[in-house]
Amino acid sequence: MNHFKPDITQMVSPFLLLYIVHATQIGEGILSFERHIARIAGYDAWISIILTGVLTTFVVVIIWRIVGEEQADFMTIHQFIFGNLFGKLLTFIFSLYLFAISMTVLVSYIEIIQIWFFPDMSIYFFMFILVMLILYISLGGFRIVVGFAFFSVFVTGFLAIFKYKAFTDGHFNNLLPVFNTPPKDIILAMEPMSFSLLGIELILIYAPFIHRFQSGLKWAVSSNIFTTIVYFFSAIAIFMYYNEQHIQFISWPTLQLWKVINFPIIERFEYVGISLHMIAIIATSCLYFWASMQCFHRITTFTFRKISIFCALIGISSIFFIHNFLIIEKITLTLSRVGMVLLFGYIPLLYVCHKIASGVKKKHANK
Amino acid sequence: MIRKKFSHKRNQNKQSKKDVTNFDDLFHVMQASDDFKHFKLGNINNIEVFYYQSLINLDKIEVTLFEKLEDTKIDKIEVLENLLPFSETEITSDLTTIEDKLLTGYMGLKLTNNSQNILLIPAKFEVDRQVAQPEIEFSVIGPKLAFIEDINTNINLIRKRVKLPQLHVKNVEVGKVTKTNVAITYIDGIANQDNVDTIIQRISDIEYDQIMDSSFVSQMISDNAQSPFPQLMDTERPDRVSSALVEGKVAIVVDGSPHVLIAPTTLVEFFASYEDYFLTWPIASAFRIIRIFAVIFSVLITPMYVAVLTYHYHIVPGDLLGTLISSRKDIPFPPILEVLILELTIELLREAGARLPTKIGQTIGIVGGIVIGTAAVEAGLTSNVLLILIALAALASFTTPIYRIGNTIRLLRFPFIIFAQMWGLVGITIAAMFLVTHLLRLTSLGRPFLEPLYPPRWRDLKDAVIRFPFNVQGSRPVITTATDKHRINTNRTKLKRGKRK
């Protein structure tokens with residue numbers, strides 16, 4: 001296998017996986033995922049969160065197996081298994097998916113800002129500034145992207161504290177009795193939930209950028225568990241606070257919850273909350289953007305800088321086509337399906353293929 | 001093309017220097033200046049004396065030279081050297097040495113036989129101010145000494161505190177015309193040799209004609225010269241420099257500058273006053289936290305005012321909103337204009353106060369602060385709530401111990417104000433994100449500027465936001481990658497248990 005080795009100044013310590021994985025997973029989803037899972041599984045949806053958490057943990061372990069001791073990344077593995085041309089094609093499709101997520105996350109957050117802050121804002125200029133920011137972060141290299149993600153985790157952690165209101169004002173009885181929904185629905189609710197836990201597939205891209213990658217498994221797993229816990233408590237909070245039917249009519253239950261909080265100098269916390277949560281959005285979008293650019297950069301001969309600027313322009317122009325709430329919902333739904341197939345279908349398949357391919361090649365090498 | 005031109009010029013320069021082939025030519029060049037004096041001495045007038053009057057201590061000539069040489073007959077310059085009671089004399093015929101020495105306060109003596117040998121006698125005219133109290137980094141407790149303009153005095157102040165033969169001083173001459181002496185100081189065996197080499201390399205590579213102050217060097221060798229943030233710390237306190245040297249950093253002393261540069265440095269160090277080490281650690285930590293809070297407050301408060309009063313008045317609770325509205329009800333401007341006018345006024349006051357002599361500066365402060373402030377509110381041009389906020393923000397920006405970063409912080413809030421006007425609180429967040437990214441991308445001598453926050457190095461947090469007591473500061477900062485990582489034997493700092501006192 002022809003290995004890709006990044007510059008040592010761009011590599012980060014395995015401990016930071018704790019932050020990277022968490023920052024990729026927490027995005028726009030945390031504000032609205034309760035609605036999606038409660039639609040299918042009702043108040044018992046918290047069980048699906050735990051189940052999804054367990055499943056994604058397995059995926060993380062599989063990813064570690066795929067990457068292996070040699071710290072091979074997605075592109076290397078693809079070309080190793082499927083040959084040069086077909087491998088590159090697969091990587092290209094994958095990076096298109098990453099790029100789409102990166103832009104969708106941004107656009108869907110702009111939606112929130114339009115609804116809560118400025119209904120008649122010029123989104124083109126706003127999008128332009130945001131993409132410039134993402135470009136500025138990404139061009140700094142992986143270390144800067146991770147640094148930004150690192151700080152964003154503290155912001156989301158700070159914001160998570162403000163779910164306390166639901167625990168003081170809510171009714172725990174809402175959740176009882178447990179197992180009120182048929183198990184099939186609980187399983188089905190894992191599909192929208194897995195979109196919220198997407199982000200671990202990026203490990204395949206940035207694996208070579210991590211020092212002593214193999215020792216990072218514990219950090220990645222604990223990060224995944226931590227994210228699951230955050231989602232779990234968030235869902236419990238919302239379920240305690242809202243009626244099961246009511247949740248379906250609220251687009252962003254968390255924002256509605258923040259409305260209730262007031263301090264001597266802040267009357268409506270959701271304004272502060274939305275502004276601060278944007279940091280998490282940018283971190284997620286930026287990690288996806290960087291990963292996508294890294295894929296493009298690896299399969300073509302363009303420099304990282306050129307391809308990033310080119311794709312940023314495409315990203316800005318994408319907003320001309322996505323201007324409707326329904327379109328955003330549709331794209332999100334499609335991407336979540338693709339992501340689920342990728343996580344639970346493609347990555348295990350890739351693992352099996354990798355095993356077979358390396359076995360065959362070893363046999364040939366011995367002959 | 002340009003490079004070609006330059007190299008051509010350089011060749012010309014060399015040629016013009018080559019024209020001076022013997023001492024007489026040099027003598028002619030120097031004679032053109034009126035403060036270049038020369039006369040003949042001795043019984044038979046065979047000793048020629050020449051010097052730059054402005055560089056020479058005239059007492060030395062009058063007292064010693066005339067007395068000794070009044071009636072002597074000397075025909076060999078070596079005899080003359082032995083006769084004169086000066087140390088550090090030198091006999092040479094090398095033209096560049098003669099030129100350099102004459103221009104740094106030496107006197108030249110020559111016999112009128114045809115010999116090219118010249119005796120150089122040091123007679124430097126030393127004039128410099130006395131070592132005085134620090135003015136920018138003043139501290140109530142602790143030593144009250146500051147660097148002055150003379151490089152030797154400055155190194156002396158450092159050496160007095162670090163009594164080690166391993167304290168190395170490497171001299172580099174910078175500046176094509178000014179030929180400024182720059183001393184790179186470090187402790188061999190503690191400082192990382194890579195850092196030292198990088199600094200020496202960067203300083204010797206400086207291509208500029210004049211180096212008037214250490215800030216020239218600082219701008220030319222910092223990693224990102226376009227950044228508003230200083231990436232090398234400049235200080236006027238010898239204790240701070242000595243302490244940095246012991247931590248494994250490298251100090252750059254520039255002749256003619258009362259500020260010494262320290263590298264590598266991090267952002268949090270700019271908010272650490274050296275006085276923090278003179279106070280007990282809980283108090284020192286509290287002051288540090290106040291300072292960091294002050295900086296954040298100073299940058300964010302006026303943008304918040306603009307954002308909240310332009311877009312998000314829902315955020316303000318009812319009672320507070322009443323106060324705000326009553327103070328703003330007669331103001332004819334939108335919040336952004338109001339803020340910009342007042343911010344500009346404060347900046348004007350600061351700039352005027354800094355440029356004027358102390359006494360007039362005080363008057364200006366009173367006139368500006370009290371008269372203009374009150375009048376502006378009474379005239380109904382600005383609200384008094386904003387006046388309080390702006391004054392507090394200005395005050396907060398002056399709490400930074402290093403003056404240079406204070407400037408950065410004061411200017412930083414203008415982009416924030418613009419973003420706040422565009423998109424309210426979201427705009428402020430965007431501006432903050434740009435700022436954080438910029439800080440993340442900054443490096444000081446190739447080391448991350450935001451360390452120990454990012455990359456997270458828990459061991460360096462012991463002296464970042466909170467200054468922990470001395471007995472836990474067992475290792476040198478990771479950022480310096482010191483050759484000798486351990487400061488003290490931490491086993492011996494532990495309290496002995498089970499012993500009664």
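## Cavities

A cavity is a set of grid points where a 1.4 Å probe fits but cannot get out. In this predicted model, a search of the whole structure turns up 3 cavities of 30 Å³ or more. The second largest cavity has a volume of about 220 Å³. Its lining consists of 17 residues, and those nearest the centre are A:Glu28, A:Gly29, A:Ile101, A:Val105 and A:Phe195. Two or more lining residues come from each of these elements of chain A: helix H1 (17-25), helix H5 (84-116), helix H10 (190-196), H15 and helix H17 (325-366). H5(A) gives the most, with 4 residues. By class, the lining of the second largest cavity has 7 nonpolar residues, 9 polar and 1 charged.

The largest cavity has a volume of about 340 Å³. It is lined by 25 residues, of which B:Glu247, B:Lys249, B:Glu269, B:Tyr277 and B:Asp463 are the closest to its centre. Helix H9 (residues 238-246) of chain B makes the biggest contribution to the lining of the largest cavity, with 3 residues. This lining divides into 11 nonpolar, 4 polar and 10 charged residues.

## Second largest pocket

The second largest pocket holds about 1,400 Å³ of space. Its lining has 37 residues, and B:Asp100, B:Leu103, B:Thr104, B:Gly105 and B:Lys179 lie nearest its centre. The elements of chain B that each supply two or more residues to this lining are helix H1 (2-18), helix H2 (23-31), helix H5 (95-103), helix H6 (151-161) and strand S7 (180-187). H5(B) has the largest share, 6 residues.

Sorted by class, the lining of the second largest pocket comprises 15 nonpolar, 9 polar and 13 charged residues.

## Interface of chain A and chain B

Chain A brings 37 residues to the contact and chain B brings 28 residues. Together the two chains bury about 2,800 Å², with 80% of that area on carbon and sulfur atoms. A:Phe118, A:Tyr136 and A:Phe151 account for 21% of the area that chain A buries against chain B, more than any other three residues. Between chain A and chain B there are 0 salt bridges. Polar contact across the interface amounts to 6 residue pairs, counting those with both residues at pLDDT 80 or more.

On the side of chain A that touches chain B, the elements giving two or more residues are helix H6 (123-139), helix H7 (142-160) and helix H15 (269-299) of chain A. H6(A) provides the largest share, 9 residues. The residues on this side of chain A divide into 31 nonpolar, 3 polar and 3 charged. H15 of chain A also gives two or more residues to the lining of the second largest cavity.

## Backbone features

Two cis peptide bonds in chain B deserve a note. The bond from B:Ala263 to B:Pro264 is cis, with omega near -10°. B:Pro264 sits in the loop between strand S10 (260-263) and helix H10 (281-310) of chain B. B:Tyr454 and B:Pro455 are likewise joined by a cis peptide bond, with omega about -5°. B:Pro455 belongs to the segment after strand S12 (447-448) of chain B.

In chain A, A:Phe179 has a positive phi of about 60° although it is not a glycine. A:Phe179 is in the loop between helix H8 (164-169) and helix H9 (183-188) of chain A.

Technical notes:
Residues numbered from 1 in each chain as written. Chains lettered and ligands numbered in written order. Predicted model: local features only at pLDDT ≥ 70, side-chain atom pairs only at ≥ 80, totals over all residues. Heavy atoms only, no water. Contact = heavy atoms within 4.5 Å. Buried area = accessible area lost by both parts, 1.4 Å probe. Salt bridge = Lys/Arg side-chain N within 4 Å of Asp/Glu carboxyl O. Polar contact = N/O pair within 3.5 Å; in protein donor to acceptor, adjacent residues only side chain to side chain. Nonpolar A, V, L, I, M, F, W, Y, C, P; charged D, E, K, R; others polar. 1 Å grid on protein atoms, 1.4 Å probe; cavity = no way out; pocket = protein on both sides within 12 Å on 5 of 7 lines; lining within 4 Å. Points joined across faces, edges and corners; volume = space filled by probe spheres on them.
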